[in-house]
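Please keep the sequence and the 3D view open while reading.

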Amino acid sequence: MPNTIPDVSNSLTRSASFQLVWLGIAATLGFALLMVLLSWASALTGSGSSTLNAIDAESGTLTLQLSTEPPQLDSTRATDSVSIMILGHVMEGLLRFDANNQLVPGVAERWEIREDGATFWLREDARWSDGLPVTAHDFSFAWHTALAPETASEYAFILYPLKNAEAINTGTLPSDALGVRAVNDRVLEVEFEQPLAYFEELVAFPTYNPIREDFYRNRDGRYGADVEDLLYNGPFEMTVWVHGAHLRLEKNTDYWDRERVRLNVIDIPYFTTDTTAALNLYKDGQIAIVDYLGAEQLDEVLQQRWELLRFGDGSVWFLAFNFDPGRVTSNWHLRKALQLVTDPSELVNRIIKLPGNLPGESLFPVWLQGIDGFFRQEYPAPQIALDASAAREHLRLAMEELGLDEPPSLALLVDDTPGAGRQAEYFQNLYGTQLGIDIRIDRQIFKQRLAKMQNQDFDIATYGWGPDFADPLTFGELFASWNPNNNGRFSNQEYDQSVRLAQSSLDPRIRMDAFGRQQEILSEEVALIPNYERGRVYIKDRRLQGVVRRAVGPDPDFTNAYIVETP
Amino acid sequence: MTEFSLTAEDFERVSVERRVQTIVRPSLSYWQDAWVRLAANRRALASLYIVIALLLFTVAGPWVWTVDPTAQDLDQLSTPPGADRRAQIVEPYAPWNGVFATVTESLADTVGATAEIQLVQPASTQAVRLVWAPVLGASGYRVYRNVYDPAPDGAVGLPLAEIYDPRQVSYEDLLDLTPTRYWYSVIATDQSGREAEEYTTLAVDTIRVITAAEAQTRGLVDLETPLSLGDEVRVSFHPLGTDYLGRDMLARLMYGARVSLFIGIIAPFFFVLTGILYGSAAGFIGGRVDQVLMRFADFVVALPFLLFMILFKIAFGIGPGESGVVPMLVALVVLSWPATARLVRGQILQIREEAYIGASQLLGAKTHYLILRHMIPNTVGVVLVTLTFAVPTVIFVEAFLSFIGMGVAPPTPSWGSMCNEGIQTMLNHPHELILPAVLISLTVLAFNLLGDGLRDALDARMRSRE
Amino acid sequence: MYAYTLKRLIQGVITVWFIATATFVAMHSVPGDPLLNERGVNEEIRRNLEERYGFDRPIFDQYLIYMANMAKGDFGISFTQQNRSVNDIIREHFPVSATLGVLAIVFAGLGGVLWGALTALYRNRLPDVIVMFLVILGISVPSFVIAALSQLALVGLNDLVGFSVLPVAGWGSILHMLIPSLVLGLGTMAFLTRLMRSSMLEIVNADFIRTAYSKGLPPTRVFIKHQLRNAILPVITVLGPAIAAITTGGFVVELVFAIPGLGRFFVQAVQQLDYTVIMGTTVFYGAFLVFMVIAVDLIYGLVDPRVRLE
């Protein structure tokens, strides 16, 4: 019998194909509709300005990317570098740093520093963004607020040079005991707790910024949280702040020194920590600066023939030891052994591989000023000659003193960034092969690492310290025995005395000699092993000029930046 | 309509068949049948071979390729695979004090060009030492280095150093030197930091060098062979290249395989085991107990997987020197067992209703006989397939967590963390990313295909269609 | 039906409670102190912070307070961004992740159904082979590799063409959403294609299809009304967990493409031990997923009349 069952598949295929095509068209149209709907929805949360290019000379607009957004902009509580950078653009204190990183008048027209205190005379034309003048009372209020225990400001300590500040901050004295007084709208009187050589440097710090009392009280505890919760007295004012998505600064036409501000808009529509994404944005012409380049991206940058700039961010990175008597690292011979095999040059040149980093020689970085010139030129750091056999001898002595048969095993505490991981692996291999010491890597996220450091739960830790103000004291006092940031609890009487001397003396020679002595003690006692002074390379559009980089103060600073048509 | 013409012969008997039933082929048990089917499926077979090869690579590999995965060779950072390289013997590094010149004042407005740059000694990967003639009126110098010729547009490259002392007319470059051609430019700066308009560039070819002590420590030469300066030795050979710390990629991949596959096989094993016990208990007992047990399983399923993996990892914390493998294993098992439990329970419930169970009971079978003879064998197929599919999922999870930094701790290698490191150097040294990524993909693929093949082979429904 | 829905909803609420408790337990067994910051803080300040966040009470009290607040919909204030409430953070960033996720699902669903149907039709012929190869790649290559490579490809494309065809990163317009959501949906699309394909193939051999033919129904009608509809069922089931995978797995995409979504915020919060944000986000996500799964189950029940709900 013939086969009369129809061949289903062929005709099915044909017609089904037609059906599929119709389905496809319908789907595409529905899809387009969905896109329109979604785009409307996302416009409520998005940056929206994706069509602007990195630099728009006509409108004077600059487009940037930041790694994170400022958590909040309350100057009494700001601690991170991004907040400080933004505050440096939208607010201004008594003093500010100019294009050459010198302290120049800000809101204060002139000032006088005496042994027991200071007086600041404010200028007439300093105004807030709502038109009202900036008065001495605003400064007084801000400083009182920063010190109030309820504010829980982490930078309150920077106000401690003020009379009774520390007592107020710990709750021992009431707030009105503070040695700050607004004589009238234009004059601010300050009393010091003890004579201070570097008060000017401190005053430029954001915690010393003014805040208007009536506005602050008006915001219901939300001061600094959003665009409308801030008043601006700086070169720029913030006009848009969509958290995590978009930040926009526009030139403040009420700013007293508006002549020097040449940009009109600073637009920040991108927030990402991914350096590759940032580089891609730069390549695409969307942003004008990529501030942080990793060593792996250098080749790409060279190939593109972009201009590379270097910048030392002023911080010092070193290995810190735990001086608790129960720990093996409290033994001097052991530390000496480690010091004699550690080559900072190898770390910087082979592991970190970024220009801008200098091999570490001392706790005090090269950029610090001494008496007449650079501190490190006047007081050179003690040079350590690497010696593997002497190191092994020290290790043997250490083992004898500690009563060990084998080299000890040490826990190395690092944070969880990729760079820190590399360094940890490097040190593990180094000490393992040179000395036979087993290093166990303890990689912790930020908060947990801090916890461990403060509980002295480590043997060695990688640690970095950035300057709060431009004076060697910000580094020197790190190893004073009373400093809570001296996590290893290094304690040396002579060192403590030297720090106290540097704090209270006004004579530059005496102070610098003290710092020189501190540097020597740290090296002799092997209180730390300096690794490197951090720096970075970055790329910047050639049409953008006048960008200022700083180790201390708002960085990068665009308040003097301008655009040239042809570089 | 077709015409037939029938004759008497058509109605004659054809033949007498005594035996109607014959055995056409040997009787196959369920497993034998499954294996035959699996073997016939070419893709599944190929993936089985791949899986076996991977296991061999992981387990037996380190015995064959005995290089230490933690040994760092800082002279061979991130080298690409293959290639035979030689190095010259040189003296060990000695610090250099540099060259200083006397400074004469200049009346000119702008700063002149650097006249000439010279090498103090032959350029090598140990150091490149430059010296130049002092420029009139300079307050300092800037040294740049590029791997491309700056000539056409003045792209001088990396800013190596900024010299503030006008007397210093030398510079020693130690930064990440590899055997290649570098272009060094030295530009004079004036008092305000502005650079001179003109400058000189020097092209330098560096050669790979090594000290005699290094060569001996690394076992590149016999201890008896006398080495003099200028001799050439072959540096250690790395068939798959090295990573960012100079560690051998092949060795790292093997040890990474151990970690990844260890997690990838042990974790599924445990959570499947837990799932079986839990699910069969629930399915078999039935009733309220079943309801309660399943409710609890549902709750665990509802926990957002990745979020809790991260939370678990943070909660456990990883102490110094620990690798973080155990917390990850525990977290995986705790979060994944309910899915298997559900599956097994479903199977048990289904089987319970089957006719042959009832028939078996009628024939007098005891409970444990039912479990052993009927229920377990019928669930094993499903379980095996789940297991095979679970492996790539877990490997992916581990890779993903390592990628966002929540995986195993250094220096323990795993394919995921190697990918994480490799992504950063993707453009310059693609092999650091490609090798682990390919291995991950291959493993995932092989297990997926194997799982497919197993499922097809073990599927009883399809069997009845043969 | 209504009774079933009610029952599922109640179950959902209990599940969310379970999730919240589990999160609370996990967070409080984490070593480390969320109030720490780099510059050591003195006693008074610390006490104030503790009071503000309620750390000075015993754990069980904290738990009760937390649950009570959560019932009111208040997740507290973020630790690191002390002027923003967790609700604000979720409210501002979840829509971004949701948009990304929805688009990814749309891509995955459409693509999966279309490609799957296509390969089932042209089984073992050229289109099938090509698509299955791509599917295999999509399943085996890790998502972060795909994300990084796609961004590179975009940059190359923009370079080649000379102007910016599609933005390389960022968020704000339709164009910003296309590539990231495509990348995010690729894995699920591949999976759905395979699922759709095998489902279609199974159905083709099913009895009711043959019955339909033998009844004389036109092949087209058979295809659309029976084959396609039945094959989609397993796809719908998988869609529930797929939504889960996509919303949480969006983190890599958000990182690589600089998208301000909730996933990225979550990981940042974890790195900074921002308790309130972590708990709030986890509970929020958990609740979202629970109710999505319920919704999918209900839809499944609507689509498939055979399902007799327990």
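Two strands are said to pair if DSSP finds at least two bridges between them. Helices (H or I, at least four residues) and strands (E, at least two) are DSSP runs, numbered from the N terminus. The model is predicted: local features need pLDDT of at least 70, side-chain atom pairs count only at pLDDT 80 or more, and totals for chains, interfaces and linings use all residues. Residues are numbered from 1 along each chain as its sequence is written, while chains are lettered from A and ligands numbered from 1 in the order in which they are written.

**Open sheet of chain A**

- In chain A, 5 strands form an open sheet with mixed pairing, in the order 1-2-11-10-9.
- Strand 1 (55–56) and strand 9 (236–242) of chain A are at the edges and have a single partner strand each, so one side of each lacks a neighbour in the sheet.
- Strand 2 (residues 61–66) and strand 11 (residues 265–271) of chain A run parallel and are joined by 5 bridges.
- Opposite A:Thr61 stands A:Val265, in strand 11 of chain A.
- Helix 2 (residues 81–90) of chain A packs on this sheet and touches strand 2, strand 9 and strand 10 (246–251) of chain A.
- The direction of helix 2 makes about 135° with that of strand 9 of chain A; axes are lines fitted to C-alpha atoms, for helices over the stretch in contact, and angles run from 0 to 180 degrees between N-to-C directions.

**Chain A overall**

- Chain A holds 17 helices and 20 strands.
- The C-alpha trace of chain A spans about 110 × 70 × 50 Å along its principal axes.
- Of the 567 residues in chain A, 50% are buried; a residue is buried if 20 or more other C-beta atoms lie within 10 Å of its own, exposed if 12 or fewer, and partly exposed in between, with C-beta atoms placed from the backbone.
- Taking contacts in chain A between residues at least 6 apart in sequence, 67% join residues at least 24 apart; two residues are in contact if their C-beta atoms, placed from the backbone, lie within 7 Å.

**Strand 13 of chain A**

- Strand 13 (residues 308–321) of chain A has 10 of its 14 residues buried, so the rest of the structure largely encloses it.
- Strand 13 runs antiparallel to strand 18 (residues 528–540) of chain A, and 10 bridges join the two.
- A:Val316 faces A:Glu533 of strand 18 of chain A as its opposite residue.
- Strand 13 also pairs with strand 17 (residues 460–465) of chain A, in the antiparallel sense and over 6 bridges.
- A:Phe321 has A:Ile460, in strand 17 of chain A, as its bridge partner.

**Helix 9 and helix 13 of chain A**

- The axes of helix 9 (residues 332–341) and helix 13 (residues 418–435) of chain A come within 10 Å and cross at roughly 105°.
- Helix 9 of chain A is therefore roughly perpendicular to helix 13 of chain A; angles under 35 degrees count as roughly parallel, over 145 as roughly antiparallel, 65 to 115 as roughly perpendicular and the rest as oblique.
- Helix 9 of chain A contributes A:Ala337, A:Leu338 and A:Val341 to the contact, and helix 13 of chain A contributes A:Leu430, A:Tyr431, A:Gln434 and A:Leu435.
- By class, this contact has 6 nonpolar, 1 polar and no charged residues; Ala, Val, Leu, Ile, Met, Phe, Trp, Tyr, Cys and Pro count as nonpolar, Asp, Glu, Lys and Arg as charged, and the others, Gly among them, as polar.

**A:Thr151**

- A:Thr151 sits in the loop between helix 3 (136–147) and helix 4 (165–169) of chain A.
- With 17 other C-beta atoms within 10 Å, A:Thr151 is partly exposed.
- Beyond its neighbours within four places in sequence, A:Thr151 is in contact with A:Thr76, A:Arg77, A:Thr145 and A:Ala146.

- Chain B has 13 helices and 10 strands, and 40% of its 466 residues count as buried.
- None of the 8 residues of helix 9 (residues 355–362) of chain B is buried, so this helix lies largely in the open.
- The contact between the chains takes 30 residues from chain B and 32 residues from chain A.
- On the side of chain B that touches chain A, the largest share, 3 residues, comes from strand 5 (residues 158–163) of chain B.
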